[in-house]
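Please open the model in your viewer and keep the selection panel at hand. The stops below are meant to be taken in order.

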Amino acid sequence: MYPQISRLMNCPGLIVSCLFAFLLSGSPLLCGSTAAIAVEKGSLPASELSNLETETDQLASRLDQRDARRRLIAIDDELSGHRDPEVSRLREKVLCLLARSLDKNAIQYIRTVFETDTEHRDEAAYALSLYAIQKPSDLAIWRFLIRSLTVVEGDQAVSVMKALTRYRQRATNPRWIRRIILIGLRLPESDQGVSIRLLQHWTNVRPAELLKMKAKATNCEILSAYQNWFRKKWPNELDPAWPKLPEKSRWRYEELKKKLAPLVFDKENVKRGKTVYQKAGCAKCHRKGDVGENLGPDLSDIAGLRQRKELLEAILFPNLELNEDYPSVTVLTTSGKTYSGLMSVGKAGVVQIIDSEGKKSSIEKGDIESISPSRQSNMPVGTLDPLSFQEICDLIAFVELRANSPQAYHRKEGP
Ligand code: HEC
């Protein structure tokens, strides 16, 4: 049995549509949410979408009935694999209805969407947050909500944070506390209150303690007080502020995110993307299928972990999150020279540093004055600047190619 299917077997409503898809396509990987990964479809005909929307609205009044919930699951399943923003909006509606039913199988289905359909993780997290606000006891769902903090935005983020304030469980890892500050900074001031309540819940530090002098502070002022508190408490962590792009950057995050979001890529994109991947220097540090070195994280199956917007964020802002498995260090020698980059094991008595250009330097241990951890990512900034929009699309198409998907045509054909 294919693991995708056995996982989905927990959702009775899905079995029918899965088997149906299986019979039609002859490929079990077209089944269920995994379709979003294996085959991406463009937009759905407007009439079909509006029919499904009308049906969804009708089902909303019958959530207590099993057949209605099954039909909602089948509708969501039908919509999976489309990148169209209108489809995402309807899926959010369907998933939220399923969450409101508080039914065990419906919740299990939403969790499966979260796990298997990376691109729709934010909608699934939003739906789970509605459930958790009602029943803040299930720790498995708490973990899903925490994991969603890197993708939820706007109203979704507000709802997820609201749910997290309901749990007794607290996150104490600075990585997540920093995330809440970052999310708060992006919200309109009127919505920032929930991030402040969550920070207080998790850190046990009250805004009043941070703002001793001021009785009445705005949400912005309180968040900035938490930023300063964070900097003092964890001086070695990344700064709790959004990294900025250099003035001269050719590409802006918001603009690229919006333009890339609805695009569906094909074999030709992937084929050209492999060349861009090498031209842009990614291959110097990242392995992807059969290309590239292993200095940074392996990107062969990265699309199973990260959404397109997260990939873009990671590429534009290498300092947004650091990966502990690839620590950067700064080495100071007795003669006053410094080297920064990834440290690797060299010959006995020698430390090897690989800088962001991929240049290797060997330093005798006896010449080393100090080695300190660096808060600077070794991944270079500005890698997209020399690329055209077309090249960026091709690069993303190549990076998104999944090693374990039958669509991984580069394995068979080698673009
Ligand atoms: C000099 C080495 C280097 C180069 C060149 C480089 N990266 Fe990275 N990259 C890293 C490291 C190291 C990380 C881990 C995050 C960190 O600690 O900075 C990373 C992280 C990433 C991530 C996030 C992975 C995850 O697990 O979430 C993506 C995506 C990525 N890089 C894509 C690229 C692309 C695309 C290029 C080419 C345009 C590129 N990188 C060039 C070193 C590099």
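Predicted model: local features only at pLDDT ≥ 70, side-chain atom pairs only at ≥ 80, totals over all residues.

Residues are numbered from 1 along each chain as its sequence is written.

**The whole chain.** Select the protein chain, which has 19 helices and five strands; helices (H or I, at least four residues) and strands (E, at least two) are DSSP runs, numbered from the N terminus. Of its 415 residues, 35% are buried, where buried requires 20 or more other C-beta atoms within 10 Å of the residue's own, exposed means 12 or fewer, partly exposed lies in between, and C-beta atoms are placed from the backbone. Among the contacts in the protein chain with a separation of 6 or more, 66% join residues 24 or more positions apart, a contact being two C-beta atoms, placed from the backbone, within 7 Å.

**A helix pair.** Now show helix 12 (residues 192-203) with helix 14 (residues 219-233), which pack at an angle of about 35° with their axes 10 Å apart; the axes are lines fitted to C-alpha atoms over the stretch in contact, and angles run from 0 to 180 degrees between N-to-C directions. Gln-192, Gly-193, Ile-196 and Leu-199 in helix 12 meet Asn-219, Ile-222, Leu-223 and Tyr-226 in helix 14. By class, this contact holds five nonpolar, three polar and no charged residues.

**Loops beside these helices.** Move to Ala-217, in the loop between helix 13 and helix 14, which counts as partly exposed because it has 16 C-beta neighbours inside 10 Å. Ala-217 touches Pro-207, Leu-211 and Ile-222, leaving aside residues up to four places away in sequence. Ala-217 and Pro-207 are 10 residues apart in sequence and 9.0 Å apart in space, C-alpha to C-alpha.

Then select Asn-204, in the loop between helix 12 and helix 13 (207-210), whose phi is near 65°, a positive value in a residue other than glycine. Most residues other than glycine have a negative phi. Asn-204 counts as exposed, because 10 C-beta neighbours lie inside 10 Å.

Finally, select strand 3 (residues 350-354) and strand 4 (residues 360-364), which pair in the antiparallel sense over five bridges, pairing being at least two bridges found by DSSP between two strands. The bridge partner of Val-350 is Glu-364 in strand 4. Strand 3 has a covered face, Val-351 and Ile-353, and an uncovered one, Val-350, Gln-352 and Ile-354. Five residues lie between the strands of this hairpin, in which Gly-358 takes a positive phi near 90°.

Key:
Nonpolar A, V, L, I, M, F, W, Y, C, P; charged D, E, K, R; others polar.
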